[in-house]
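Follow the chain alongside the text below.

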Amino acid sequence: MGRVTERRKVIRIRDGHVSERPDTLVAEEPLEIRLNGKPLAITMRTPGDDFALAAGFLVSEGVLGTADELQSIVYCAGALDDGSNTYNVVDVKTAPGVVLPDITLERNVYTTSSCGLCGKASLDAVRTTARFPIADTPPVRVGTELLASLPDRLRAAQRVFDRTGGLHGAALFSEEGDLLDIREDVGRHNAVDKLVGRALQNGDLPLSRTILLVSGRASFELAQKAVMAGIPMLAAVSAPSSLAVDLAAETGLTLIGFLRGSSMNVYAGEHRVALRAAAAQG
């Protein structure tokens, strides 16, 4: 299996002084995901937690929803012509009786933020394939002070980021603020897939009383992954996209952006945020 980090030579220029030294970089390699032996998707990822990544991806695609629907995940031996294993190809085998959706090129393309499909088609696709409607009863209720503390806790737990500065992080917190899991990857969507995939493997879906925090922005794709896993609250340290806000409003997802220090914007699902307490403090 590939390394999470690699060393490369770099020329450093600091205040006019030039030096040469090795630098630690985050590794990036392709991962091909096959479903029952057939090629399905390729993603660029940081090696590690590949089985969880594949499982989480299939949750977001509406293929898997419970641990018993997953029969096995294996690296494909002989991935190269000479028979060697690259550890960059995995095959996911579903349990007998699992009905597979019609996964077409169009179905896969709409999950990316650069897709050419219209917003309504994307929203309809998620709404019709979501296994776990967001129905936390009673609703998760989180104070702004707790939310404000989460980015620093995510950053403190990012071990590889400290060495490279080049990884996105995604973390799951309980409604009380307990850190449940954290994953890192060169792609924030992969980091979320790793979280969701581990939850599937552990039999923890739906994640109906959790908070998902991501470094960077909240795209439609990340909102989709939260909805498909039954997560009621998605928070990001940067901006959401317009389609992510639309999806959150349609599905009942609480979407928070620009979560920095004591400041944040609530774009949808404000009933889960203790706004009155925040107003009283202000």
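R209 is partly exposed, with a relative accessible area of 27%; here buried means under 20% relative accessible area, exposed over 50%, and partly exposed in between, computed with a 1.4 Å probe and protein chains only. The model is a predicted one, in which local features need pLDDT of at least 70 and side-chain atom pairs count only at pLDDT 80 or more, while totals for chains, interfaces and linings use all residues. Residues are numbered from 1 along each chain as its sequence is written, and side-chain values use heavy atoms, with hydrogens and water left out.

The side chain of R209 meets that of E175 in a salt bridge, at 2.6 Å from N to O. A salt bridge is taken as a side-chain nitrogen of Lys or Arg within 4 Å of a carboxyl oxygen of Asp or Glu. This pair links distant parts of the chain, 34 residues apart: E175 sits in the loop between strand 8 (168-174) and strand 9 (179-185), and R209 in the loop between helix 6 and strand 10 (210-214). Helices (H or I, at least four residues) and strands (E, at least two) are DSSP runs, numbered from the N terminus. E175 is buried, at 18% relative accessible area.

A further pair involves helix 6. D181 forms a salt bridge with R198, with the closest N and O atoms 3.0 Å apart. Since D181 lies in strand 9 and R198 in helix 6, the pair ties together parts that are 17 residues apart in sequence. D181 is buried, with a relative accessible area of 15%, whereas R198 counts as partly exposed at 28%.

R198 also meets D49 in a salt bridge, at 4.0 Å from N to O. Here D49 belongs to the loop between strand 4 (38-45) and helix 1, and R198 to helix 6 (residues 188-201), so this pair ties together parts 149 residues apart in sequence. D49 is partly exposed, with a relative accessible area of 29%. D49, D181, R183 and R198 are linked in a network of salt bridges. The count of salt bridges comes to 12.

The buried residues include F57, L58 and V59. After helix 1 comes G62, whose phi is positive, near 80°.

Helix 1 also packs against helix 6. Their axes, which are lines fitted to C-alpha atoms over the stretch in contact, come within 6 Å and cross at roughly 90°. Angles run from 0 to 180 degrees between N-to-C directions. Helix 1 is therefore roughly perpendicular to helix 6, a term that covers 65 to 115 degrees.

The whole protein has nine helices and 14 strands. Of its 282 residues, 49% count as buried. Residues 24 or more positions apart account for 52% of the contacts with a separation of 6 or more.

Definitions and conventions. Angles under 35 degrees count as roughly parallel, over 145 as roughly antiparallel, 65 to 115 as roughly perpendicular and the rest as oblique. Contact means heavy atoms within 4.5 Å.
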